[in-house]
Amino acid sequence: MSRITEDMLVCEVLELALNMEAVLENHGLPCHGCPGAANETLKEAADGHGVDLALLLEDLNRNVK
């Protein structure tokens, strides 16, 4: 499995594993069902919602299965 990076689209991350939705939500990103998830990168989503990108990426990569 490759690492999750800031330039991945949110929808790509959501497709990796079922638990990715919960990880994003825990960071204040309720992305499931959001139209922006199809064309917004993790960096753009984090910046737009005031989320610490480094912590988000660490948590996503730790939890991907």
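Mentor: Contact means heavy atoms within 4.5 Å. Helices are DSSP runs (H or I, at least four residues; strands are E, at least two), numbered from the N terminus. This is a predicted model, where local features need pLDDT of at least 70, side-chain atom pairs count only at pLDDT 80 or more, and totals for chains, interfaces and linings use all residues. Residues are numbered from 1 along each chain as its sequence is written, and side-chain values use heavy atoms, without hydrogens or water.

Trainee: At what angle do the axes of α3 and α4 cross?

Mentor: Axes are lines fitted to C-alpha atoms, for helices over the stretch in contact; angles run from 0 to 180 degrees between N-to-C directions. Here α3 (residues 42-49) and α4 (residues 53-63) come within 10 Å and cross at roughly 130°. That makes α3 oblique to α4 (under 35 degrees is roughly parallel, over 145 roughly antiparallel, 65 to 115 roughly perpendicular, the rest oblique).

Trainee: Which residues make the contact?

Mentor: From α3, Leu42, Lys43 and Ala46; from α4, Leu53, Leu56, Leu57 and Leu60.

Trainee: Which residues of α4 are buried?

Mentor: Buried means under 20% relative accessible area, exposed over 50%, partly exposed in between (1.4 Å probe, protein chains only). In α4, Leu53, Leu56, Leu57, Asp59, Leu60 and Asn61 are buried. They pack against α1 (10-16), α2 (20-26) and α3.

Trainee: Where is Thr41 found?

Mentor: Thr41 sits in the loop between α2 and α3. Its relative accessible area is 17%, so Thr41 is buried. Leaving aside neighbours within four places in sequence, Thr41 is in contact with Glu6, Asp7, Met8, Leu9 and Val10.
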